[in-house]
Amino acid sequence: MSNGDRPLSPHLQIYAWQWTMALSILHRASGVGLSVGTLLMVWWLLGLAGGVASFDLVQGFVSHWLGKICLLGWTWALFYHLCNGIRHLGWDVGVGFELDTARNTGYIVFAASIVLTGLAWLVGQAMGGVS
Amino acid sequence: MSLRSPLGRVRGLGSAKSGTEHFWAQRVTAVALIPLTLWFVYSILALGSGDHAAASAWMRSPVNAVLLLLLVFATFHHMQLGLQVVIEDYIHAEGLKISSLVIVKGASLLLGVASVFAILKVSFGG
């Protein structure tokens, strides 16, 4: 079968990056990241069930700088996936497909994820944080 | 004239026989996770630097325990549905695909059951 002069679908390498496309990939990436993050939640629950010593081990990880960086990343991934998930639910019922709307809700979702992450960490610090 | 049988039309499953329930379960768990996640983040923040005693007391509250169980169920169900799609999209070698699916679904079940056990143990005061 010859398809010499048929138009080719754009190769990924030369495809112009778009905001909506990056956000779509981020949705999937944050979902995979959050799946890994459930390990911390399960460890926290098991630590709590295991007694004071095992709970302190989890708290020790979370208050270590490495644990804090992980937790910050997961906080953002959670809020991003949550906000963008609501955007997806809108599309599922047929709302917000217009190009301008999709771009604008994308900006809103991205900004909201950063604001909510900052807010959660500020409140967390004010409430005693992960000391 | 449709060649589909009356029974086939009523079932409305099409030729693939399945698929819509995956989509539907993904959306229903997504909707459930909106309030549950916000509640969980709020609760974790409210616990603050909380020690073991404070966190245990929080989990012994029946309301918190039940909401936590719902959160765990919705999270791991949503997670394995989502990871399934990622695996099916990117892994095309049949053997690797099926083994990855089994591992991901098995791990989700393991993590979910371990969470439920931990929650019940704490809330029943074990």
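**Exercise 1.** In this predicted model, identify which residues of α3(A) and α4(A) meet, and characterise the packing of the two helices.

*Solution.* Begin with the residues. From α3(A) come T75(A), W76(A), F79(A), Y80(A), C83(A), N84(A) and R87(A); their partners in α4(A) are T105(A), V109(A), A112(A), S113(A), L116(A), T117(A), A120(A) and W121(A). Next, sort the residues of this contact by class: 9 are nonpolar, 5 polar and 1 charged. Then turn to the geometry. The axes of α3(A) and α4(A) lie 8 Å apart, at an angle of about 145°. Finally, the crossing of α3(A) past α4(A) is right-handed.

**Exercise 2.** Determine how the axes of α1(A) and α4(A) are placed, and which residues of the two helices meet.

*Solution.* Two packed helices are described by the angle between their axes and the distance between the axes. Here the axes of α1(A) and α4(A) come within 9 Å and cross at roughly 50°. Angles of 65 to 115 degrees count as roughly perpendicular and those under 35 degrees as roughly parallel; α1(A) and α4(A) are therefore oblique to each other. The handedness of the crossing of α1(A) past α4(A) is left-handed. As to residues, W19(A), T20(A) and L23(A) of α1(A) meet A102(A), R103(A), G106(A), V109(A) and F110(A) of α4(A). By class, this contact has 5 nonpolar, 2 polar and 1 charged residues.

**Exercise 3.** Describe the side of chain A that touches chain B: which elements give two or more residues to it, and what is its make-up by class?

*Solution.* Chain A and chain B each bring 26 residues to the contact. On the side of chain A, the elements giving two or more residues are α1 (19–50), α2 (52–63), α3 (65–92) and α4 (99–126). Of these, α1(A) provides the largest share, 10 residues. The class count for this side is 16 nonpolar, 8 polar and 2 charged residues.

**Exercise 4.** Locate the largest nonpolar core and state which of its residues touch the most other members.

*Solution.* The core has 18 residues, and those touching the most other members are L45(A), L48(A), A49(A), M59(B), A118(B), I119(B) and V122(B). At least two residues each are supplied by α1 and α2 of chain A and by α3 (52–60), α4 (62–90) and α5 (94–123) of chain B. The largest share, 6 residues, comes from α4(B). For one member, L45(A), the contacts beyond four places in sequence are S115(B), A118(B) and I119(B). Apart from this core lies another, of 8 residues, including L34(A), A77(A), Y80(A) and L82(A).

Conventions:
Residues are numbered from 1 along each chain as its sequence is written. Chains are lettered from A and ligands numbered from 1 in the order in which they are written. This is a predicted model: local features need pLDDT of at least 70, side-chain atom pairs count only at pLDDT 80 or more; totals for chains, interfaces and linings use all residues. Two residues are in contact if their C-beta atoms, placed from the backbone, lie within 7 Å. Helices (H or I, at least four residues) and strands (E, at least two) are DSSP runs, numbered from the N terminus. Ala, Val, Leu, Ile, Met, Phe, Trp, Tyr, Cys and Pro count as nonpolar, Asp, Glu, Lys and Arg as charged, and the others, Gly among them, as polar. Axes are lines fitted to C-alpha atoms, for helices over the stretch in contact, and angles run from 0 to 180 degrees between N-to-C directions. Angles under 35 degrees count as roughly parallel, over 145 as roughly antiparallel, 65 to 115 as roughly perpendicular and the rest as oblique. A crossing is left-handed if the near helix is turned anticlockwise from the far one by less than a right angle, and right-handed if clockwise. A nonpolar core is a set of buried Ala, Val, Leu, Ile, Met, Phe, Trp, Tyr and Cys residues joined through C-beta atoms within 7 Å. A residue is buried if 20 or more other C-beta atoms lie within 10 Å of its own, exposed if 12 or fewer, and partly exposed in between; C-beta atoms are placed from the backbone.
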